[in-house]
Amino acid sequence: MTRRLVRVLLLASAILPSCSRPRVAPVAVAAPAADSAPAPHPEPATPFAAWLRARLPPGGNIIAADSGKLAVEHTVAVGDTALTIAKAYLDLTDVYWAKDLAAALSKTHPDFRPGSQIAIPNLLSEPYPSPDEGRMAWPADQALKGVFVTGIFAGRFWPETIDKVATHGMNAIVLDAKDYMGPVTYPTKVRLALETGAANDPPIADYARAIRFAHARGILVIARIPCFHDPWAAKHAPRLSLMNKSGRPFQMGWTDPSNIEAQDYVVDLVKEAIELGADEIQLDYVRFPVQAHGISNAAMPAPDGHRSQAMKAFVHRVHEATQAKHVPLSLDLFGVTATGEASDIEALGQNIAVLASEAEAISPMVYPSHYAPGWNGFAEPGAHPEIIGIGTKAGLEKLRAGHVKGAIVRPWLQASSYKTPNYGPRYVLDEIKSAEASGAVGWLFWDPANSYWPVWKGLPRVERSGGH
């Protein structure tokens, strides 16, 4: 073939219609088919996106969904499971338990092959506030109405408890930050708790998050901190123990209320609870011990007014810490401090007129069942819910007699059948009625087992907005 013929053939090929040309594989990536999923939008530059990005675990990626809302995808790594992924992202969702988030992940992503992408469900829609920003104040009438919850119970039933409190018209939960036996209920950074192992296995994984979930239902959280009844610290840090007059630990599971380091431990826990967002601090066992064999051999101030003054000095230290953050302080006091003899009161170091000036609220434990048979003419005191009102009035009278202004009386009410044959929903309502008719500003129910079925049954349901 001549060179002229070759040039003619090439020219003809160039001007033929494209459909008659041989097909060649394209170099560029083809556009997606019409029925394929659209590519996600890139991460938008928003404050919420920046907040999320700072908290994403490894493998997380922020995208904008077609709805305009932010979404998070996780690239599955070797060893990832539904539960490990759920734990990593839990704090960025409105699901409380990791097991529930893991179940939601498994529904949409049954197989966790490394390299695959999985969308994180129940993502928050905005940043949650810092503990200081999210703290809730007392209502205008100052009346907090709620129940006590142990750390162990909260570690199993926190969302359910929040729901019960909210839907029965109450607005507060007293949540243990420290158990009365000594263990701290959350992962603490307080030095002495770490030294003694008091928080080696805390039942509440994240105290601040527990508070946030309560706030979402309009529930204030009162952090309860037992002070000097602390068998754990007395055993593992015996230098803090109450001593006998020979200078050796008095074996009854108490730290010494006059020991500055023992006081510092409580103050440090108080400050930490405030940092975690507690709306109020409540001190329990804020007293000297009285019920033990040979207690007269313990080294303590004389029970002639000195104990109440010593306890006031300690409470003043705590009050300085709470006032600095504008957080109310309340004190749990024995019922006898309202209705008993002066000698019994001074043995405890719980003179209401002395201590109440260093607190915003006092909560006398005026449980009817705790009075001795024959007290005030009652053959069986536990059968008389009206004793709540007697104790409340007595506490208010002590405040007036001591010229104490600014502190309210918020009594503890009985929520168990202990020595109470007629306990039940009606009894619960009668206690509330007696407290409120006698001048109480709010009230709190106590059951060490946290079994509040008569409370839930006695109080009507009140649906409230918000929640998870």
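**Close-up views of the predicted model**

View 1. Gln142 is partly exposed at 32% relative accessibility (buried is under 20%, exposed over 50%, and partly exposed in between, with a 1.4 Å probe and protein chains only). The model is predicted, so to speak of local features takes pLDDT of at least 70 and side-chain atom pairs pLDDT 80 or more, while totals for chains, interfaces and linings use all residues. Residues are numbered from 1 along each chain as its sequence is written, and side-chain values use heavy atoms, without hydrogens or water. Look for Gln142 in the loop between helix H5 (131-134) and strand E4 (144-149); helices (H or I, at least four residues) and strands (E, at least two) are DSSP runs, numbered from the N terminus.

**View 2. Lys419, another loop residue, with phi near 50 degrees.** That phi is positive, and Lys419 is not a glycine. Lys419 sits in the loop between strand E11 (412-414) and helix H16 (425-437). Its relative accessibility is 52%, so Lys419 counts as exposed.

**View 3. Asp230 and Lys178, a salt bridge between two loops.** The closest N and O atoms of Asp230 and Lys178 are 3.0 Å apart, where a salt bridge needs a side-chain nitrogen of Lys or Arg within 4 Å of a carboxyl oxygen of Asp or Glu. The pair links distant parts of the chain, 52 residues apart: Asp230 is in the loop between strand E6 (220-226) and helix H9 (231-236), and Lys178 in the loop between strand E5 (172-176) and helix H7 (191-196). Asp230 is buried, at a relative accessible area of 1%, and Lys178 is buried at 1% too. The salt bridge count comes to 19.

View 4. Arg400 is exposed at 53%, while Glu397 is partly exposed at 42%.

**View 5. Glu346, buried with no salt bridge.** Glu346 belongs to helix H13 (residues 342-348). The nearest side chain of opposite charge is Arg307, 7.7 Å away (Lys and Arg count as positive, Asp and Glu as negative; His and the chain ends are not counted). What Glu346 does have is a polar contact with the side chain of Asn351, at 3.1 Å (N or O atoms within 3.5 Å, one able to donate a hydrogen and the other to accept it; residues adjacent in sequence count only if both atoms are side-chain atoms). The backbone nitrogen of Gly305 also lies 3.4 Å from a polar atom of the Glu346 side chain.

**View 6. The largest pocket, with about 920 Å³ of space.** Its lining runs to 32 residues, and Tyr285, Phe334, Met365, Tyr367 and His370 lie nearest the centre. On a 1 Å grid over the protein atoms alone, a pocket is an open set of points where a 1.4 Å probe fits, with protein on both sides within 12 Å along at least five of seven lines; lining residues have an atom within 4 Å of a point. Points are joined across faces, edges and corners, and the volume is the space filled by probe spheres set on them. The lining divides into 19 nonpolar, seven polar and six charged residues (Ala, Val, Leu, Ile, Met, Phe, Trp, Tyr, Cys and Pro are nonpolar, Asp, Glu, Lys and Arg charged, the others, Gly among them, polar).
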